[in-house]
Amino acid sequence: MNKILGIFGLLIFVCLFTTVLNDSFVGQYNLYNTTRWSALFGILSIGVAFVIITGGIDLSIGSVVGLVACLLPMLVVEQGYSPTAAVLIVMLIAGAIGLLHGLLITRLDLQPFVVTLCGLLFYRGFARWLTDDGTLGFGQDYDGLRLLAIGKPCSWATMLFGGGICLFLYGVWNLGRLRPHDDRHADAPLQRELDIERKLSAWSIPAIGVLLALAGSSRFWLGWESGPGTPLLEIAGYQIRSLGIEVSENAASMPSTVMKYAGTFLFVPTLLAFLVWAWQSDAGRMKKPLALVIGSLILLALCVWQLVPLFRSAAADDRWQVGAMEVSGELLKTGLMMIVFVIVGGVIGSIGWLISASGTASGKSKALTPALVATGVMALLGHTQLAATMVPMPMLIMIALAIVASIFLNRTVYGRYLLALGRNEEAARYSGINTKRMIVVAYVLCSLAAGLGGILFALDVNSVQPSGFGNFYELYAIAAAVLGGCSLRGGEGNILGVVIGAAVMRVLYNAINILGISTKLEFAIIGMVILAGAIVDVVVKRIVAKRAVLAAEEAG
Amino acid sequence: MSQTPGKNPRPLLEVRSLGKRFPGVRALHQIDLTLMPGEVLALVGENGAGKSTLMKILAGVQPPDEGQILIDQKPVTIGSVAEAMRLGITLIHQELNLSDNLSVGANIFLGREPTRFGLIDRETIDRESRRHLASVGLDVDPQTLVRELTIGRQQMVEIAKALSIDARVLIMDEPTSSLSQREAEALFKVVQGLREHGVSVIYISHRLAEVETLADRVAVMRDGENAGELVGDQINHDAMVSRMVGRDVSRFYERTARVDVAALGSEQQLTPALEVSDLIVPDHPKHKVSFQVMPGEIVGIAGLVGAGRTELLRCLFGVTQPLGGSVRINGQTVQLRNPKDAIASGMGLVPEDRKEQGLVIDFSVRSNVSLASLSDKAGAGMWIDSAAESEDTHQSIDRLRIKTPTADQVVRYLSGGNQQKVVLGKWLAMNPKILLLDEPTRGIDIGAKEEIYRLMETLAAEGLAILFVSSEMEEVIAMSDRTLVMHEGEMTGQLVGDEIGEEQIMNLATGVVSR
């Protein structure tokens, strides 16, 4: 949970900062594109997370994406297979690739790095040979199939509404299973604390669900500006569009000024109260993180105050005097961005993390969580065009996949086995776990996700060049998984973090574009941000370890 | 050497109130130690008493948390192994630290190779190595690869290496644990020779008989603290042991009632819980092993390190595949292709290395306890039953008295004894019929040891068959109804009841007699 808060903080920060510098970031067009690409990369990252959890690595993802993206149009357009059959066939091939990787790694004891590196080379070469390096696409005849990637089934407002209701129902079901005194061995005060914590987190789920549903549907029950059709129509949007009926996307730009101001004015004090109460709950251990939070806030304020005007006024071909050096406006902008992203991004990214790492927040501040989420969403809806932005189809697919993957990882014995063998394969084997089979499963899942990603990427772009399609995607996926809390040593990781990690990668990329920074620096900036994240991770781990030692010693 | 010769030579090495903590353990507390020039100081104590930690600090492997180290009465900080070597302190590890792919000479000069014209000067290495090897009485060609030497000879190479850097303090950690009698005697001669040359030796050993013959002075440690010092005539077995365990020895290890299960079995025609016939363990293909364990019986396996005891348990548990023979559980012949099969037929193994094989050390107590039984209790074969998981965890915590702040504490931060109880808890959650324990009390404190003994007794009384391996003679003698002794992969004998004694076990374990 701590890690998710940290990476989520980083995402929010990068979004906010980019918006402050250029508000076209929150325009409908940009929001739609960013969410779509985040979802596409999210799918790949979820897959590779399973492999990373076992302590392995899959370098072949990009090439599998390329191969699948070549095979699908070949089968559909050239060979005349039905779209359903073609999708099934390429998924089977992807699964077989994963099976092959898994078997080579477990039966022949080859190293994952070597096996998948060979895969990277082989599938790329094979795809190029197969297609004779020619560009492939679906043309205009397969728009029904292409809706999988470019469909816009509903707006984010509907999504919030539907998601809120689902969350509410899940929360209520979960409350029914809540049993008191789960940990009868904790001493009385700790017991009470744990009890409160558990109850609060259990109750906050349906509460957040209700609030999200209310926020999502607000423009109807408050009678605000009209949105793109009724929710029902929007849900049916996918089918309607496939029938050739246009659904308006621009009917509403901003929901309402009420939402904007109410959200902001409620959110800021809620956040402050959250921080203050968290600090009071465990003052001794909170000092360092709090100092870090205050320091970074001051730094952020300085940045906004000093750098934003500078940034906005700097044009690419200006000359600026910095100390003894004369630099171009572009270089200046880039420099400013680097400083801000790396220093402040790294620090702010760790705030939420540190709060929960050093003495968990008090019951009071935990009680604020639903309010924090709700007001945050209100502010978000009020300030951006998110409510009216359409949800890309890949986002729905990714969310469904993430939920299934999350349940698999956390609620089934197989997920537990993956985590256990990732941490300590020998101990897992000694506990009667068929570790080899589980490792094969992880590689199959990874390649299947890569296959699904490949299908969607191909449908999305509609023009596949075998030599370069999907290049480096494995590295984006691995970076997202690592940012999201997977350890390359294995045994660690959660799906939500990975998905947010993928979003951070895309938002960073988008920010670099939208702020007019040279795209040549794309890799350099992303690299530095990930490095900052990794450093924070290590530091926080040490803090957590120290706390755990103290706790163990108190127990004797 | 700077100290003045005389009747009262000043100490070469002094340690003052040294302290060291590890996650969850206080390894050393207020340790004082003095070492005179040319002295053999033996350091004795139970497993986990902190001997190895203290030596690692002296050798620069780990830094101390508090306290002072003085050499020639000057305070020093030993930040690295290289620094320790510069100060003349060398540690010879329990597991030898030689690169076995390199030659003897290359090992002796590893890291400080003499060069000529920028290239390694092989001739000098050869010449010098021969000289140092001769001084430890080892007649091997410096060009020989280390892996071609026996363990005993490799140890001599280590000593030669230490001498080659003019070591003044030589720390030997359990040097004889894997040596044959003859090799050990050769080693003693070398140690005595070192003393005469003014080299001080800190000698760590569990074998108290060795200590009696070799040591000028004995320092005893217990639970990370000083527990007394013995000089000259005071050095004898009982004095050492009573200080090591900190109470009257005779009362410590004692089973309330031994079961003569063999007699019981023939009376009641019981089926053995575990019956092994002519099993050929892959690590020792020359020998066939046969024995049986009755329900309710505690059978100990004694032997020296490398006798094949761990390998036998691993083979029984399906980790390795036997080359022949059969295993019957409750009269049924079983095929154990992997640990999963073994668990399915009612076995549990508490392995030798609990951090590597017993536990997922970064998992919580809850996840560790449930790991083996998870799939049995899973809904529809895949859904984790968290209620059952909690129930098992709390039962284990209660029954084994695991000291942990919550059931969700990460196991890494528990003490060794509590970690071991978590491993036991994992198997108890399975309701096993046969429990295999490999060094169940290694590295855990005395209180926890006693609890584990009591638990073994209770479980046996409930009808569990227990087979345990231990290198602690007293433990085997005290706990087993029957003792099996192994020597180099061979089952050299079986002792029942009053026959179980130190001398009998030692004779069988060293291969002196066989029956």
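Predicted model: local features only at pLDDT ≥ 70, side-chain atom pairs only at ≥ 80, totals over all residues.
Residues are numbered from 1 along each chain as written, and chains are lettered from A in the order in which they are written. Local features need pLDDT of at least 70 and side-chain atom pairs count only at pLDDT 80 or more, whereas totals for chains, interfaces and linings use all residues; side-chain values use heavy atoms, without hydrogens and water.

**Salt bridges.** Over all chains, 23 salt bridges are found, each being a side-chain nitrogen of Lys or Arg within 4 Å of a carboxyl oxygen of Asp or Glu.

| Pair | N to O distance |
|---|---|
| B:Glu275 and B:Arg328 | 3.5 Å |
| B:Arg366 and B:Asp408 | 2.9 Å |
| B:Asp392 and B:Lys377 | 2.5 Å |

B:Arg366 in helix α14 (residues 365-370) pairs with B:Asp408 in the loop between α15 (386-400) and α16 (416-428), so parts that are 42 residues apart in sequence are tied together. Helices are DSSP runs of H or I with at least four residues, and strands are runs of E with at least two. B:Arg366 is buried at 10% relative accessible area, while B:Asp408 is partly exposed at 42%. Buried means under 20%, exposed over 50%, and partly exposed in between (1.4 Å probe, protein chains only). B:Asp392 is buried at 12%, and B:Lys377 is partly exposed at 33%.

**Cysteines.** A:Cys446, at 1%, counts as buried, as does A:Cys486 at 5%. The structure holds zero disulfides (pairs of cysteine sulfur atoms within 2.5 Å).
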